[in-house]
Amino acid sequence: MSSTPSSSDAAALPTAASHYPARPQFSGFMKPTGVEGDVGTLEVYGAIPAGIDGTFYRVMPDPQFPPFIDNDPWFNGDGSISAFKIKDGRASFKQRYVRTEKFTREREAKRALLGKYRNKHTDAVEFKVRTTANTNVVHFNGQLLALKEDAPPYALDPDTLETIGLHTFDGQLPSMTFTAHPKFDPATGEMVCFGYEAKGDGTPDICYHRIGADGKFLETVWLISPVVAMIHDFAVTENWVVFPLIPQVCDLERLKQGGEHWQWSPETPFFVGVLPRVGAKPSDVKWFRYPNCFPSHSCNAFEDAAGNIVFDLGLCDKNLFFWWPDAKGNAPAPETLHTKLTRFTIDPRSEDLELTEAANVTVLQTGNSEFYRLDDRFATQSYRHAFFDLMDPALGTDFRAIGPQLGGGYPLYNSLGHLDIVTGETEVYYPGNTHMVQEPVFIPRRGSTVEGDGYLLALVNNYASMSSELHLVDTKDFGKAVAVIMLPLRLRHGLHGNWVDAADVAK
Ligand SMILES: [Fe+2]
């Protein structure tokens, strides 16, 4: 392998395809677009409330070139950042790719060079950093950080979306990896984060760190994981940090043989690591165990009056990442997957590390849900309102009509949910019979400090028009949208995003 492809060694490279494969993750609405650009003023139906002033940033995997490997999963695509700026009742749109090393070198070579998801042994050339920066985008210390859990962040200019470069916090980052789901303390602006496989592929090392709002590292603790498993999301309370391990496990030999980074392990329990948030030693971590299942995204965590950790997350009894089967090739059919918003109550002082359904688990919402969000002003604290994507076929989705355009490769959700955790009641926003929803963000109502008082904003895929829309819902009247903002193009299914309020940036 050479570090840069040239005409003389081009013959040694794997054959580059000139079109995308006929797979669900590259078809219909999921066909890659490669679009970068700006729209000054977007068309609006209804009215955007005048008090909304800020930017919704989100990121989607959108491969720049067809892959040269077979059945590349949806989220191996290049990170493309969308910014929707909303002010004075109007919305504008801007979209740029993150100029990662991968993106830049592939653009130069005019073809794909990176191989399988998180397997460097399958690459056509040697990369220093393989990240696609395609999983989340957060605003921190005056910059946007585009995140994927296998590498440090890439920093971007929040106004222009121009890539500043690989971001190691001025050399303070000791880990080779950085989570795509950092948590923010609303009181201090502190960013609590970690990296796993932190010393390289297949290593059991977890590097936990806290970063002050000014970007200075406050603390680093190195931990050893009981198994080299995916830690996609985590949770933070005032005094504790919680690491849920997904039973998708990595094996170095498999990687070297060109296999997948992840393999579902039905024998592996659901490990829950618990660590004091401040001043911990590596030996302070406790690894609680629960029967094998799939922990999906976190909603929130806090401590109850008795000092227990209350941890709310999505829980699926099967392998939610069905595209990475077990050692025998077994994977559940996507339509059989059902993830429920579930509450674990864990006593961090307990010496008994076995968690049970009877003693530790409450299902908060029985619907098939994912992409949980809250009013971020209540992150790490006791809270009442949870927002999420829901899939309820009974709402009337016309699957026959939209089926040919759906594409796929990921679980689908057709509505937005709002759970009042105190009453147990759920309100639903259903955008229409030919629509699917992406992850929502919560926007506080200007001047209101009441939890959950504001708006939910979500990108919606319209399969009848084959274009994207932003739906804005007032949480005081959740059944309908106050505004639908139309895009003149189709945005593939994305992963995560965040609302950045102009008032918070001005602070
Ligand atoms: Fe995620």
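These legends accompany an overview and several close-up views of a predicted model.

**Figure 1. The whole chain in the predicted model.** Five helices and 33 strands make up the secondary structure of the chain. The radius of gyration is 22 Å, close to the 23 Å that the globule rule gives for 507 residues, so the chain is as compact as a globular protein of that length. Along the principal axes, the C-alpha atoms fill a box of roughly 70 × 55 × 45 Å. Of the 507 residues, 48% are buried. Contacts between residues at least 6 apart in sequence were also examined: 59% of them join residues at least 24 apart.

**Figure 2. Confidence and the start of the chain.** The average pLDDT of the chain is 96. A score of at least 70 is reached by 97% of the residues. Residues 1–8 stay under 50. For this stretch the model has 13 contacts beyond four places in sequence.

**Figure 3. The largest nonpolar core and Leu457.** This core has 128 residues. Ala146, Val242 and Leu457 have the most contacts inside it. Strand 30, residues 454–462, gives the most to the core, with six residues. Beyond its neighbours within four places in sequence, Leu457 is in contact with Phe56, Pro440, Val441, Ile443, Leu470, Leu472 and Trp499.

**Figure 4. The open sheet of strands 21-22-23-24.** Four strands form this sheet, and their pairing is antiparallel. Strand 21 (294–303) and strand 24 (361–365) are the edge strands. Each of these pairs on one side only. From one strand to the next, the twist averages 30 degrees. Seven bridges link strand 21 to strand 22 (residues 309–316) in the antiparallel sense. Within this pair, Ser298 stands opposite Leu313 of strand 22.

**Figure 5. The open sheet of strands 25-26-27-28.** Here too the sheet has four strands with antiparallel pairing. Strand 25 (368–374) and strand 28 stand at the edges. Each has a single partner strand, so one side of each is left without a neighbour in the sheet. The twist from one strand to the next averages 30 degrees. Strand 25 and strand 26 run antiparallel and are joined by five bridges. Arg373 stands opposite Phe387 in strand 26.

In a regular strand, side chains alternate between the two faces of the sheet.

**Figure 6. Strand 27 and its two partners.** Strand 27 spans residues 415–420. Five of its six residues are buried, so strand 27 is largely enclosed by the rest of the structure. Strand 26 (residues 385–391) pairs with strand 27 over six bridges, in the antiparallel sense. In that pairing, Asp420 of strand 27 is the bridge partner of His385. Strand 28 (residues 426–429) pairs with strand 27 over four bridges, also antiparallel. Leu416 stands opposite Tyr429 in strand 28. Five residues lie between the strands in the hairpin of strand 27 and strand 28. In this hairpin, Gly424 takes a positive phi near 80 degrees.

Figure 7. Phe194 has 27 other C-beta atoms within 10 Å; the cut-off for a buried residue is 20 or more, so Phe194 is buried. Leaving aside neighbours within four places in sequence, the contacts of Phe194 are Thr179, Ile206, Cys207, Tyr208, His209 and Phe234. Trp264 lies 70 residues from Phe194 along the chain. The C-alpha atoms of Phe194 and Trp264 are separated by 23 Å.

**Figure 8. Positive phi at Asn71 and Phe169.** Most residues other than glycine have a negative phi. Asn71 is not a glycine, yet its phi is positive, about 55 degrees. Asn71 sits in the loop between strand 3 (54–61) and strand 4 (79–87). Phe169 also has a positive phi, near 55 degrees, and is a residue other than glycine. The loop that holds Phe169 runs between strand 9 (163–166) and strand 10 (183–184). Are these residues buried or partly exposed? Asn71 has 13 other C-beta atoms within 10 Å and is partly exposed. Phe169 has 20 within 10 Å and is buried.

How values were computed. Residues are numbered from 1 along each chain as its sequence is written. Helices (H or I, at least four residues) and strands (E, at least two) are DSSP runs, numbered from the N terminus. The radius of gyration is taken over C-alpha atoms; the globule rule is 2.2 Å times the number of residues to the power 0.38. A residue is buried if 20 or more other C-beta atoms lie within 10 Å of its own, exposed if 12 or fewer, and partly exposed in between; C-beta atoms are placed from the backbone. Two residues are in contact if their C-beta atoms, placed from the backbone, lie within 7 Å. pLDDT is the predictor's confidence in each residue, from 0 to 100. Two strands pair if DSSP finds at least two bridges between them. A nonpolar core is a set of buried Ala, Val, Leu, Ile, Met, Phe, Trp, Tyr and Cys residues joined through C-beta atoms within 7 Å. Axes are lines fitted to C-alpha atoms, for helices over the stretch in contact, and angles run from 0 to 180 degrees between N-to-C directions.
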